Amino acid sequence: MSLVGKEIAEFSADAFLNGEFIKVSNDDIKGKWSIFCFYPADFSFVCPTELGDLQEQYETLKSLGVEVYSVSTDTHFVHKAWHDDSDVVGTITYTMIGDPSHQISQAFDVLDESGLAQRGTFIIDPDGIIQMVEINADGIGRDASTLIDKVRAAQYIRKHPGEVCPAKWKEGEETLTPSLDLVGKI
């Protein structure tokens, strides 16, 4: 069953952010757009490339009112050690959530049979409703730049109910208003 259109489950977790340990809960994300980026493990291979790429897009995402959270089943202590050890991960300024209890990974349906999170990306609206889900196989890294247009489309649709964004839509381009007149004409 798809999680799109569903409210995120309640959670509370320890996280690492800018040299400090913090608590994060589902209440913290209400009222703003969020991206949750799940990944298998710290001190791995594809994961640091993805998290570094996400950091490169972070300022643009923040300018759109989006907060970013990375999540793995590692602890917040391991996140700090990785942040301190890796040149790439050391640049990260968004919140790194630890999920050793698997509570969050299970709620987002990305926990695999080995106890690791799959490569899942979720866009969540200010009401805590999941608007986009993308899950990749372990060996397929993600491109964070694609999230910018997806966030803009989700934000546009939220402000303009009844309209939809066609494939490859960019901000400022024409949208569609589904109606009987459009059936069979696209």
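Me: Why is Phe-21 called partly exposed?

Reply: In this predicted model, Phe-21 has 41% relative accessibility. Buried needs under 20% and exposed needs over 50%, so Phe-21 falls in between and counts as partly exposed.

Me: And what makes Phe-77 exposed?

Reply: Its value is 51%, and the cut-off is over 50%, so Phe-77 counts as exposed.

Me: Why is the pair of Phe-21 and Phe-77 called edge-to-face?

Reply: The ring centres lie 5.2 Å apart, with the planes at 80 degrees. Pairing asks for centres within 6.5 Å, and edge-to-face for planes over 60 degrees apart, so both conditions hold. Phe-21 belongs to strand 2 and Phe-77 to helix 3, so the pair ties together parts 56 residues apart in sequence.

Me: Then why are Tyr-39 and Trp-82 called tilted?

Reply: Their planes sit at 35 degrees, with ring centres 5.9 Å apart. Under 30 would be stacked and over 60 edge-to-face, so this pair is tilted. Tyr-39 is in the loop between strand 3 and helix 2, while Trp-82 is in helix 3, so the parts tied together are 43 residues apart in sequence.

Me: How do you know whether Tyr-39 and Trp-82 are buried or exposed?

Reply: Tyr-39 has 0% relative accessibility and Trp-82 has 3%. Buried means under 20%, so Tyr-39 is buried, and so is Trp-82.

Me: What about His-76, buried or exposed?

Reply: Buried: its 11% is under the 20% cut-off. His-76 is in helix 3, and its contacts include Phe-21 and Gly-98.

Terms used. Residues numbered from 1 in each chain as written. Predicted model: local features only at pLDDT ≥ 70, side-chain atom pairs only at ≥ 80, totals over all residues. Heavy atoms only, no water. Helix = DSSP H or I, 4+ residues; strand = E, 2+ residues; numbered from the N terminus. Buried < 20%, exposed > 50% of the residue type's maximum accessible area, 1.4 Å probe, protein only. Contact = heavy atoms within 4.5 Å. Phe/Tyr/Trp six-rings, centres within 6.5 Å; stacked < 30°, edge-to-face > 60°. Lists of a residue's contacts leave out its neighbours within four places in sequence.
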